[in-house]
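Biologist: I am new to this structure and would like to learn how to read its features. May we go through them one at a time?

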Amino acid sequence: MSDLTSPFPTLPAPADPMAAALALAEHAVGVSEPNPRVGCVITSADGRWLLGQGHTQAVGSAHAEIMALRDAQARGHDVRGATAWVTLEPCAHHGRTPPCCDALVAAGMARVVAAVGDPNPLVNGQGMARLRAAGVSADWGPPTHALAATELNIGFFSRMQRQRPWVRLKMAGSLDGRTALANGVSQWITSPEARADGHAWRRRAGAVLTGIQTALADDPMLDVRHVPTQVQPVRVVLDSHLRLPPTARLLQSGSPVWLYTAVPANDARIASWQARSVRVRSVPDAATGRVDLHAVLADLTTQSINELHIEAGATLNGAWLAAGMVDEIVLYLAPMLLGQGAGLAHLGPWADLTPALRWQWQQIERIGPDLRLTARSAPPALVR
């Protein structure tokens, strides 16, 4: 299967090639943003041998299919008549790179199996159609793989299908729902393991958002430090009156910082921030005098943010929840009781349970000594 000069050994094909491709796609988290996380495995015509594999690289670089073809070439394998297992329908349009479906055709691929369709209107079935038109057998994988591929790219699906990012609200507190003591002390309620896990969720996001109160009180960095990543998320602060000090720690690194404010667009302070290479957008809510959350989400969509990760205080948490724009809650609970103190989210007060916000449990997992609970307002839709 390979020539004698190749430094790579010939490997047997994985028992479940699509599962192997999904595992490769996981390696694109923190790498490919805002492009979808995709993996590709190429197996021989008889299904016995692994010819090549790869995952999506940084934006503007090679997609998973191209990486797998390059890997096969490096290994000295001929892919004519082979099968490509791809976690997302191969693209059919010229973006920063040429169409992957054309590359697969040119390579002589006999069959392509995709886990799920690409929701991008520029693709959305056209990739599979072009493969079939070129004489390549193009099939869909089983539903379980489709669900896994969608989950991995939940923000990309959200932005393409709903024209807005997938909004994830991360909170951490005690068993009695306190995020800090009455005097404001909060470090640390949850464990180092929980904090590292929280950074893994940050790594998934195109943007990490907080409010000015948290920025002033905690002076957070909002970056990814406790897990490896190639791409840092954009740091976003909702700052209605532009009170963020220029000494804020989140301004001290090279990754982008965006401010959303309610001050007029011609306010001289906006120009001052822009001179510091900080992106500032004036999006006032006339009714409240604060930042318009709907306008923030719309603007983030135009900036190709797939997943928005919110780490804020109770007031801003409650505002996002009350606006109905949170898709997922990630809640860490430490096994302690704090008594009086700050809560998770300011909502209500309500006279009865009718307006209560209702969620669907997704997962409960132990992280070190703490629990991580995830809940969603609605599941994502598949594209086939």
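**Cysteines, an annotated site and a strand**

Modeller: Let us begin with the cysteines: this predicted model holds 0 disulfides.

Biologist: How far is the sulfur of C101 from the closest cysteine sulfur?

Modeller: The distance is 6.6 Å, to the sulfur of C91, and this too is too far for a bond.

Biologist: Are C40 and C101 buried or exposed?

Modeller: A residue counts as buried when its relative accessible area is under 20%. C40 has a relative accessible area of 0% and is therefore buried. C101 is likewise buried, because its relative accessibility is 0%.

Biologist: Which residue does UniProt list for "active site"?

Modeller: The unreviewed UniProt entry lists E65 under that term. In the model, E65 lies in helix α2, which covers residues 64-74.

Biologist: Is E65 buried or exposed?

Modeller: The cut-off of under 20% applies here as well. E65 has 4% relative accessibility, so E65 is buried.

Biologist: Which residues does E65 touch, leaving aside those up to four places away in sequence?

Modeller: They are C40, V86, L88, P90, C91, C100 and L104.

Biologist: Let us turn to a strand. How many residues of β10 are buried?

Modeller: Strand β10 spans residues 234-238 and is mostly covered, with 5 of its 5 residues buried.

Biologist: Which way do the side chains of β10 point?

Modeller: In a regular strand, side chains alternate between the two faces of the sheet. In β10, V234, V236 and L238 point one way, while R235 and V237 point the other way; all of these are buried.

Biologist: Which strands pair with β10?

Modeller: Strand β9, residues 207-211, runs parallel to β10 and is joined to it by 5 bridges. Within this pairing, R235 of β10 stands opposite V208. Strand β11, residues 257-261, also pairs with β10 in the parallel sense, over 4 bridges. There, W258 of β11 is the bridge partner of V236.

Biologist: What do β9, helix α8 and β10 make together?

Modeller: They make a right-handed β-α-β unit, in which helix α8 comprises residues 212-218.

Technical notes
Residues numbered from 1 in each chain as written. Predicted model: local features only at pLDDT ≥ 70, side-chain atom pairs only at ≥ 80, totals over all residues. Heavy atoms only, no water. UniProt positions renumbered as here; feature names shortened; annotations may be inferred. Helix = DSSP H or I, 4+ residues; strand = E, 2+ residues; numbered from the N terminus. Buried < 20%, exposed > 50% of the residue type's maximum accessible area, 1.4 Å probe, protein only. Contact = heavy atoms within 4.5 Å. Disulfide = S-S within 2.5 Å. Pairing = 2+ DSSP bridges. Right-handed = clockwise from strand over helix to strand, strands pointing away.
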